[in-house]
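Okay, thanks for making time, everyone.

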Amino acid sequence: MDNKEKNFASAIIYVHNAENRIEEFLKAIIDFMEDNFEHSEIICVNDCSDDRSVDIIKKCSDSVTGTSVSVINMSHFHGLELAMDAGMDLSIGDFVFEFDNTVLDFEQGMIMEVYRRSLQGFDIVSASPNRKAKLSSRLFYKVFDRFSDTTYQMTTESFRVLSRRVINRISSMNKTIPYRKAVYANCGLKTDNIKYFPKVFSAETSDKREKKYRSGLAADALILFTDLGYSFAKSMTALMMLMSVFMVLYAIVIFATGHPVEGWTTTILFLAVAFFGLFGILTIIIKYLQLIVNLVFKRKHYNFESIEKLTK
């Protein structure tokens, strides 16, 4: 291609036990970067794979001529978010492509379409398959959208491109990225999503570690980025307060019309008022914790074993 893009492009690929898919996927990304960009890099983040994924990556890198390929070997299984965070810190591109898996269900032209869209003033552009998502994913995104204040509609994404402005803004927040899509949606910059019709492909497989990690990530994301916990606390507080009021009225009625055991009315009244106040205080505490979480996340705690520069 004669008219290659002048912008430096980085591609970060998450790899975990992907020996059956990584060769085809990586070759497609190498071809795309070499055909479309004068200067580019590919960073494969090996999240403690115990198959031949890294060997295949090294084999594919032998044929590289116009881009550079690096492998970050995580010291233990970190999960998608921290592993991609490590790749992001190493990247130097003006635009950074994030590939969260190695399922090649899109044409190379879709990657360029996403990039072209980003040049039209969108700092974050993602690509999503135009098919029905899994039930668990649909439920998660529905709950997330219901209890979050962002206007961005969360959905399953295959890959995305970020401008350097996005990366700089997120880095300036001085916090890790526990769930990237939520942070991107709340960073204040323009976002867009492009749908594509997926090709026939073999479904992505996940091992027990990945499934456990994703379940935990979904719970963490709902707690950190939505009002679900606070809404639940308010509902429970309202319910307990109503029950407390009912118990107070019940105790007064029994005292006035019946013959309660000595001390029974006082005890019931005390417990009702105590529970009323207790749940009110807990709601306030939960609100303060939510504010703290919104302001400060944990410091970075990923670590990698080595970085291998496979091409010059």
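Predicted model: local features only at pLDDT ≥ 70, side-chain atom pairs only at ≥ 80, totals over all residues.

Let's start with arginine 165, which is partly exposed because its relative accessible area is 48%. Residues are numbered from 1 along each chain as its sequence is written, and side-chain values use heavy atoms, with hydrogens and water left out.

So, which residue does arginine 165 meet in a salt bridge? That's aspartate 123, at 2.6 Å from N to O. By salt bridge I mean a side-chain nitrogen of Lys or Arg within 4 Å of a carboxyl oxygen of Asp or Glu. Arginine 165 sits in helix α6, residues 164-172, and aspartate 123 in the loop between α4 and β5 (124-129), so this pair ties together parts that are 42 residues apart in sequence. Helices and strands here are DSSP runs numbered from the N terminus, with helices being H or I of at least four residues and strands E of at least two. Aspartate 123 counts as buried, because its relative accessibility is 6%.

One of the pairs to look at is glutamate 98 with arginine 160, whose closest N and O atoms are 2.9 Å apart. Glutamate 98 is in strand β4 and arginine 160 in strand β6 (residues 159-163), so that pair links parts 62 residues apart in sequence. Both glutamate 98 and arginine 160 are buried.

How many salt bridges does a search of the whole structure find? The count is 12. Another of interest is arginine 116 with glutamate 5, with closest N and O atoms 2.7 Å apart. Arginine 116 belongs to helix α4 and glutamate 5 to the segment before β1 (9-15), so here the pair ties together parts that are 111 residues apart in sequence. Arginine 116 is partly exposed, at 40% relative accessible area, whereas glutamate 5 counts as buried at 13%.

Next, a couple of aspartates. Aspartate 105 is in the loop between β4 (95-99) and α4 (108-118). Is aspartate 105 buried or exposed? It counts as buried, because its relative accessibility is 2%. Its side chain has a polar contact of 2.8 Å with the side chain of tyrosine 196. A polar contact is a pair of N or O atoms within 3.5 Å; within protein, one must be able to donate a hydrogen and the other to accept it, and residues adjacent in sequence count only if both atoms are side-chain atoms.

Aspartate 94 lies in the loop between α3 (80-90) and β4, and at 34% relative accessibility it counts as partly exposed. Setting aside neighbours within four places in sequence, aspartate 94 is in contact, meaning heavy atoms within 4.5 Å, with Asn7, Phe8, Leu162, Ser163 and Arg164.

Now asparagine 46, in strand β2 (residues 40-46). Asparagine 46 is buried at 6% relative accessible area. Its side chain makes polar contacts with the side chains of serine 49, at 2.8 Å, and asparagine 73, at 3.1 Å.

Last stop, the helices towards the end of my list. The unreviewed UniProt entry annotates residues 238-256 and 268-289 as "transmembrane region"; UniProt positions are in the numbering used here, feature names are shortened, and annotations may be inferred rather than shown by experiment. In the model, residues 238-256 are 100% helix, with end C-alpha atoms 27 Å apart. Residues 268-289 are also 100% helix, and there the end C-alpha atoms are 31 Å apart.

Alanine 233, in helix α9 (residues 228-257), is buried at 8% relative accessible area. Beyond its neighbours within four places in sequence, alanine 233 is in contact with Thr283 and Ile286. Leucine 282 is in helix α10, residues 264-295, and counts as partly exposed because its relative accessibility is 38%.

Technical notes
Buried < 20%, exposed > 50% of the residue type's maximum accessible area, 1.4 Å probe, protein only.
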